[in-house]
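Take a look at the chain shown here. Then follow the tour from one pair of side chains to the whole fold.

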Amino acid sequence: TPEMVMSFLDDLRLRLTERGESELETLLALKKRVCEDEGGAVDGKIKAGDMQFYHTKLLEEQYAVDQDKIKEFFASDRVVAEILKLYETLLSLRFSELSVDERHVWYEDVRLFAVHDASSG
């Protein structure tokens, strides 16, 4: 029923807000410590540009997560191929990679794909 959906969404919002506020406090404390250790100014805010840096630092410190080690298990060619295959299945699309001569990119390693409707080509 619509009431059950709204109740579920309200409950979900409450739980996510509480969790998000807690995580934000943790990141702010980490930023404060890092800034103080490095002699920088503490502004008491986490900006959009700070999120990835402090989140990665938190994972390294609290859980010994090494992003470089994780990357070893996810070769980009394989990940891209699997993601495109998933989109092809879910969205009835077809992807074709453009050749070096067809793409005009800012860096030679950039890959460019054309997207087609699988049913109409």
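How many residues apart in helix α1 are Arg33 and Asp37? They are four residues apart, so about one helical turn separates them. Helix α1 covers residues 2-38. The side chains of Arg33 and Asp37 form a salt bridge, at 3.7 Å from N to O. A salt bridge here is a side-chain nitrogen of Lys or Arg within 4 Å of a carboxyl oxygen of Asp or Glu. Arg33 is partly exposed at 34% relative accessibility, while Asp37 is exposed at 59%. Buried means under 20% relative accessible area, exposed over 50%, partly exposed in between (1.4 Å probe, protein chains only).

This is a predicted model: local features need pLDDT of at least 70, side-chain atom pairs count only at pLDDT 80 or more, and totals for chains, interfaces and linings use all residues. Residues are numbered from 1 along each chain as its sequence is written, and side-chain values use heavy atoms, without hydrogens or water.

Now step back. The protein chain has four helices and two strands, in the order α-α-α-α-β-β. Helices (H or I, at least four residues) and strands (E, at least two) are DSSP runs, numbered from the N terminus. Buried residues make up 13% of the 121 residues.

The structure holds 14 salt bridges. One of them joins Arg111 and Asp77 at 3.2 Å, N to O. This pair links distant parts of the chain, 34 residues apart. Arg111 lies in the loop between β1 (93-97) and β2 (113-117), and Asp77 in helix α4 (residues 76-91). Asp77 is exposed at 53%; Arg111 is partly exposed at 33%.
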